Amino acid sequence: MDATTRRTPPAPAQAPPGPEPARGAGRALAVFAAVRGGGALVIALGAWWAGRDPVKVLGGSWDSFWYLSIAAHGYGRTQMWPASDSIQSDAAFFPLFPVLTHLFGGGPVAALAVAWTAAGAAAVGVYRVGERLLGARAGVLLVALWASLPHAVVLTLAYTEPLLCALAAWALYALLRERWLWAAALAVLAGLTRPTGISVAAAVGALALRELLRGRRTPAVWAAGLLAPAGWTAYVAAVGMRREEPLGYFTVQRQWGSRFDFGAGTAGTVNRLLTGGNVTVPVAVTVAVLAAAGLCAVLLVLDRAPLPLLAYTGVLLVITVGGAGFFESKPRFLLPAFPLLLPAAAAMARARPRTAVALTAGLAGLSYGYGAYLLLIAEVPL
């Protein structure tokens with residue numbers, strides 16, 4: 001599935017722009033809206049039944065509280081927890097999502113408007129990547145699988161994952177079409193969205209480096225490779241300057257309990273699960289998701305996926321598995337890693353349509369139930 005030597009290039013990837021590609025993108029968006037709209041409806045009904053405000057549940061849960069605070073008042077909020085001797089600063093949160101929320105008027109409704117708009121843009125971008133590599137049908141199924149993941153409820157919350165997914169998907173699509181400056185610009189914005197946004201810059205940088213080593217030293221390739229990490233670097237540097245500490249951003253993350261421990265925390269949790277330790281359902285699901293992601297990564301490598309996709313998903317996996325912190329949040333960190341689903345989408349595209357629909361419906365139902373459980377019952381940090 002290499003970008004330059006695909007074994008059986010699908011006709012839609014080579015066809016000139018026209019109504020058929022637009023219809024394919026429309027179908028993908030409709031599938032995404034149906035799957036995730038149903039999930040949002042389940043959450044809203046569950047919240048209403050529990051006597052809670054659905055808008056506050058969808059737009060103000062967990063990290064959304066911090067984004068809304070930044071959108072309304074700017075940076076500077078610090079939460080202290082004397083019992084655990086921890087300090088949580090809003091400097092841990094990157095600025096693009098709260099800035100957009102502020103521009104939309106602020107508040108949970110504005111945050112949801114930004115997130116849902118970004119989610120729709122992400123769905124079309126995911127489709128475009130799948131369509132280019134595997135064909136239109138597989139592209140739609142890729143979107144369906146992505147929308148039906150266990151933690152896909154986050155795609156309907158006021159979180160940064162929908163925005164990062166949109167920027168990443170379109171950046172990867174731009175790289176597949178060798179639109180270097182578009183890819184670099186989107187990578188800069190992704191780097192301003194959340195810490196894992198650096199994975200988009202890694203995709204741009206990896207492809208740029210390969211092209212430079214092959215002798216393609218054009219200004220666009222140089223510019224893309226150099227500019228891609230600028231957003232992420234700028235925010236990390238800004239936090240360091242504000243705290244008068246060059247690596248101040250990483251100090252902020254450690255105060256939140258997040259650090260890179262090379263997977264020691266992940267390995268310890270997996271060991272407790274395998275040895276019969278007392279673990280919760282979200283922890284067990286997280287371990288299963290990480291295992292599935294690892295298997296999908298192997299399949300992606302064996303299938304010779306394009307270099308940008310390998311670099312992007314590889315960095316996301318390393319950050320997710322190698323980082324310590326809220327273990328139950330790890331599947332959320334992998335939501336932008338939609339290329340991991342390409343082998344499954346290709347397999348579903350070869351199945352009968354009835355089988356693909358039944359599988360999607362079953363996965364979506366499980367996602368609805370698990371999302372409601374996370375938000376309304378378990379109340380673990382997402």
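**View 1. A salt bridge between Arg128 and Glu131 within helix α6.** Arg128 pairs with Glu131 in a salt bridge whose closest N and O atoms are 3.2 Å apart; the term requires a side-chain nitrogen of Lys or Arg within 4 Å of a carboxyl oxygen of Asp or Glu. The model is predicted: local features need pLDDT of at least 70, side-chain atom pairs count only at pLDDT 80 or more, and totals for chains, interfaces and linings use all residues. Residues are numbered from 1 along each chain as its sequence is written, and side-chain values use heavy atoms, with hydrogens and water left out. Both partners belong to helix α6, three residues apart, about one turn of the helix. Helices are DSSP runs (H or I, at least four residues) numbered from the N terminus. An α-helix has 3.6 residues a turn, so residues three or four places apart point the same way. Arg128 has a relative accessible area of 17% and is buried, and Glu131 is buried as well, at 5%. Buried means under 20% relative accessible area, with a 1.4 Å probe and protein chains only.

**View 2. The crossing of helices α6 and α7.** The axes of α6 (residues 108-134) and α7 (residues 136-147) come within 7 Å and cross at roughly 140°. Axes are lines fitted to C-alpha atoms, for helices over the stretch in contact, and angles run from 0 to 180 degrees between N-to-C directions. The two helices are therefore oblique to each other; angles under 35 degrees count as roughly parallel, over 145 as roughly antiparallel, 65 to 115 as roughly perpendicular and the rest as oblique. On the α6 side, the contact residues include Ala119, Val126, Tyr127, Glu131 and Leu134, and on the α7 side they include Val140, Leu142, Val143 and Trp146. Contact means heavy atoms within 4.5 Å. By class, this contact has twelve nonpolar, two polar and one charged residues. Ala, Val, Leu, Ile, Met, Phe, Trp, Tyr, Cys and Pro count as nonpolar, Asp, Glu, Lys and Arg as charged, and the others, Gly among them, as polar.

**View 3. Helices α9 and α11.** The axes of α9 (residues 180-191) and α11 (residues 219-227) come within 9 Å and cross at roughly 10°. These helices are therefore roughly parallel to each other. Trp180, Leu181, Ala184 and Val188 of α9 meet Ala220, Val221, Ala223, Ala224 and Leu227 of α11. The contact has nine nonpolar, no polar and no charged residues.

**View 4. A salt bridge between Glu161 and Arg332.** The side chains of Glu161 and Arg332 meet at 2.9 Å, N to O. Glu161 lies in helix α8 (residues 161-176) and Arg332 in helix α17 (residues 330-333), so the pair ties together parts that are 171 residues apart in sequence. Glu161 is buried at 0% relative accessibility, and Arg332 is buried at 3%.

**View 5. Arg210, Glu211 and their salt-bridge network.** Arg210 and Glu211 form a salt bridge through their side chains (3.5 Å, N to O). Both residues are buried. Salt bridges with shared partners join Glu178, Arg210, Glu211, Arg214 and Arg216 into one network. The whole structure has eight salt bridges.

**View 6. Helix α4 and Gly74.** Helix α4 (residues 63-73) is mostly covered, with eight of its eleven residues buried. Among them are Asp63, Trp66, Tyr67, Leu68 and Ile70. Gly74 follows α4 and has a positive phi, near 80°.

Technical notes: Buried < 20%, exposed > 50% of the residue type's maximum accessible area, 1.4 Å probe, protein only.
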